[in-house]
Amino acid sequence: MIWDLHCHLAGLPGRTPEERMARLMELADRMGIERLCLYMGLEFVVRPTPEQLRRQNDEVLQALAHWHDRAYGFCYVSGEHVDASLEEIERCVAEGPMVGIKLWVARRCSDAALDSIVARATELGAVVFQHTWFKQDGTQLAGESTPLDLATLAVRHPQAILVCGHTGGLWELGIRAVRAHPNIYVDLAGSDPTRGMVEMAVRELGAQRVLYGSDAPGRSFASQLGKVLAAEITAQQRQLILGANLRRLLGPILRAKGREA
Amino acid sequence: MADRPLIDTNVYLFRWPFRRVTVDEPAALVRLLEEQGVVQAWAGSLEGVFDRDVSGVNQRLAAVCAAYPHLLAPMGSLNLALPDWQDDLRRCHELYGMRGVRLHPNYHGYTLDAPAVRALWEAAAQLSLVVQVVALLEDERTQAPACAVPHVALAPLLDHMRAVPQARVQVLNAQRALRPGEAEELAAAGVAFDLATVEGAGGVGSLVERIGPQRLLFGSFQPLFYFESARLKLRESSLGAWAEEQICVENARRLLAAA
Ligand SMILES: [Zn+2]
């Protein structure tokens, strides 16, 4: 069973969300990926306005329409627009089909401005996915979180289900930065398939806290899946990482929506 | 695991100074490659990235490869910033019978428009040696601060290929170093690539659409990347049997074939 935590529509061929989703699923099928999580719209928008957040989420809702049995949406929100984000969470998660929220690079997640967003997502049982990177080449954006920002957030929200996107990119640092916070899970997506990444994550965090994701279509499903399939870990640990952990995390919110997990 | 024979054009022996991995001992690496159905591995030396005694580096590389002659084809290290690199080239060819050399211009502090590069193109073409240019060894965003290097700018290769059209050239780990449209230009000029760093969903397929199936070679970037990440890209892109055969075996054979 393979569930992919981290997919997008931007970068795929196709004019409409439906066309792009069909292409994404065709590739996922080749790799044996049964279900996937999808966030953000046809274009990447780094600092979305409230209108752009709504449009991006509408595009995901449109893409999901024919794929509710295999795809789950995360609602794109921004620490720069807290009220609009809370409205989007009501529309897309509380009253809509989405099961998580996606925070990207508009505002660092250690900022207290994000507290009401994370608190509402946690009330709903939604997974909070935060992009993180530790960039060594001076290209860190002003609003781009590191795993240390997420660790700060985790202290204020011990009940939240927090995902450390990309394991911070520089995973040797990312894993250390979140190690002490049991409600932070790491996303393996969106970095080179560097040998040792999965083994270190399992050793330091336990396999229960490690989630397979690809960051397709920016990354190859294959290169990212190869990290988990080739890692020197047990078959049981591999199962947890490839899908069982994500299924467990999404179980409560899916059941609350009357959907099978 | 092994479903088709592979020639892996992007393999290194020895250790990467910033990370220990389980297969950085030659015996373990050879076992892994054999399990994966690799029938020939073009093996460079990670020592050659950092050690200025390139003659010693190549001696050790040749010695290990000689212990696994059915599998390991050594690709000698050359540092074109060192005096008398020409004699290292001569030794790679005459003393060790190597079929190619591997360059790391960013780690050695020169660019591809340096005069020595043209001189190497001419000398290697004379000897029918393959030249592998490694565009990067690590994403610039994750490099250790004490050892951060830019990706290799590949544009000067076009002039070298025009001047020495019989040159046999492959760029390894190219993806992050390529400007839009550059892969097409270089491929048209005769440059080949490997797929270890090719990314994007169906990324190998879209690269093949742009450069054709005869300019891309299988490469896994052992021991630093997970092997399956390279192999699974072939399944993801579903290229058809003929194109896969070119990428997995035939293009490499052709590049290495005696002139
Ligand atoms: Zn992403």
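**View 1. The lining of the second largest pocket, sorted by class.** In this predicted model, eight nonpolar, seven polar and six charged residues make up the lining of the second largest pocket. That lining counts 21 residues. Nearest the centre of the pocket lie Phe44(A), Trp104(A), His131(A), His166(A) and Asp215(A). The space in this second largest pocket comes to about 380 Å³.

**View 2. The largest pocket and the residues at its centre.** The volume here is about 730 Å³. The lining holds 38 residues. Closest to the centre are Gln175(B), Glu199(B), Gly203(B), Ser206(B) and Arg210(B). Sorted by class, the lining has 14 nonpolar, eleven polar and 13 charged residues.

**View 3. Helices and a strand around the largest pocket.** Chain A brings helix H1 (17-30) to the lining, giving two or more residues. From chain B, helix H8 (182-188), strand E7 (192-194) and helix H9 (203-211) also give two or more residues each. H9(B) gives the most, with seven residues.

**View 4. The cavity.** The structure holds one cavity of 30 Å³ or more. About 200 Å³ of space lies in the largest cavity. Its lining numbers 17 residues. Asp192(A) and Thr194(A) are among those nearest the centre of the cavity, and so are Arg19(B), Glu138(B) and Thr142(B). Eight residues of the cavity lining are nonpolar, four are polar and five are charged.

How values were computed: Residues are numbered from 1 along each chain as its sequence is written. Chains are lettered from A and ligands numbered from 1 in the order in which they are written. This is a predicted model: local features need pLDDT of at least 70, side-chain atom pairs count only at pLDDT 80 or more; totals for chains, interfaces and linings use all residues. Side-chain values use heavy atoms; hydrogens and water are left out. On a 1 Å grid over the protein atoms alone, a cavity is a set of points where a 1.4 Å probe fits but cannot get out, and a pocket is an open set with protein on both sides within 12 Å along at least five of seven lines; lining residues have an atom within 4 Å of a point. Grid points are joined across faces, edges and corners, and a volume is the space filled by probe spheres set on the points. Ala, Val, Leu, Ile, Met, Phe, Trp, Tyr, Cys and Pro count as nonpolar, Asp, Glu, Lys and Arg as charged, and the others, Gly among them, as polar. Helices (H or I, at least four residues) and strands (E, at least two) are DSSP runs, numbered from the N terminus.
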